[in-house]
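Biologist: I would like to learn how to read a structure like this one. Please take me through it feature by feature.

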Amino acid sequence: MVELLLEFLIQFVLEGLVEVGAHAFKRDRAPVHPALAVTGYVILGGLLGWLSFLVLPQQLISHPYAAVANLVVTPIAVGLALGAIGAWRAKRGSGLVRLDKFAYGYAFALAFALARFGLGAAG
């Protein structure tokens, strides 16, 4: 259970930093097509997962069933957390970025988790 929590915290913190960065670089321009946006978030999530594996190459979750459960639970939890932050921002009247919505946060977190899982399984 501690392993799942640690994995969630790592993903949430890194994705929170990406969200902060997205807000910092938000510009007034025509919105990108949703398919292109989700593709970008998947690529960015996979890259961050790969980079996190370079920094922390050991698997945090040792049991194979728990590692698979992490692929299901953690992206949903991170997506819900980012969606909740987006709802909070919306209530305050703050501008939103796509990562403030569940679907984009979930796609980002899933790519991150899949990258770490795949690299751990290959190693």
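Modeller: We go from the overall fold to single residues.

Modeller: This is a predicted model, where local features need pLDDT of at least 70, side-chain atom pairs count only at pLDDT 80 or more, and totals for chains, interfaces and linings use all residues. Residues are numbered from 1 along each chain as its sequence is written, and side-chain values use heavy atoms, with hydrogens and water left out.

Biologist: How many helices and strands does the protein have?

Modeller: Helices (H or I, at least four residues) and strands (E, at least two) are DSSP runs, numbered from the N terminus. Here there are 4 helices and 0 strands. The order from the N terminus is α-α-α-α.

Biologist: What does the radius of gyration say about the protein?

Modeller: The radius is taken over C-alpha atoms, and the globule rule is 2.2 Å times the number of residues to the power 0.38. For 123 residues, a compact globule would come out near 14 Å; the protein has 15 Å, which agrees. Along the principal axes, the C-alpha atoms fill a box of roughly 45 × 25 × 20 Å.

Biologist: What share of the contacts joins residues 24 or more positions apart?

Modeller: A contact means heavy atoms within 4.5 Å. Of the contacts with a separation of 6 or more, 85% are between residues 24 or more positions apart.

Biologist: Which residues of helix 4 are buried?

Modeller: Buried means under 20% relative accessible area, exposed over 50%, and partly exposed in between (1.4 Å probe, protein chains only). In helix 4 (residues 102–122), the buried residues include Y104, F108, F112 and R116. Across the protein, buried residues make up 33% of the 123 residues.

Biologist: Which side chains meet in a salt bridge?

Modeller: The rule asks for a side-chain nitrogen of Lys or Arg within 4 Å of a carboxyl oxygen of Asp or Glu. The count is 1 salt bridge. R89 and D100 form it, at 3.9 Å from N to O. R89 lies in helix 3 (residues 64–91) and D100 in the loop between helix 3 and helix 4, so the pair ties together parts that are 11 residues apart in sequence.

Biologist: Are R89 and D100 buried or exposed?

Modeller: R89 counts as buried at 17% relative accessibility. D100 is buried too, at 3%.

Biologist: Which residues make the nonpolar surface patch?

Modeller: Patches take residues with over 30% relative accessible area and no salt bridge; like charges are joined within 9 Å, nonpolar side chains (Val, Leu, Ile, Met, Phe, Trp, Tyr) within 5 Å. Areas come from the Shrake-Rupley method with a 1.4 Å probe; for residues, only the protein chains shown count as cover. I43, L47, W50, L51, L54 and V55 make a patch of about 620 Å². W50 lies in helix 2 (residues 34–55) and is partly exposed, at 41%.

Conventions: Expected span 1.5 Å × (residues − 1).
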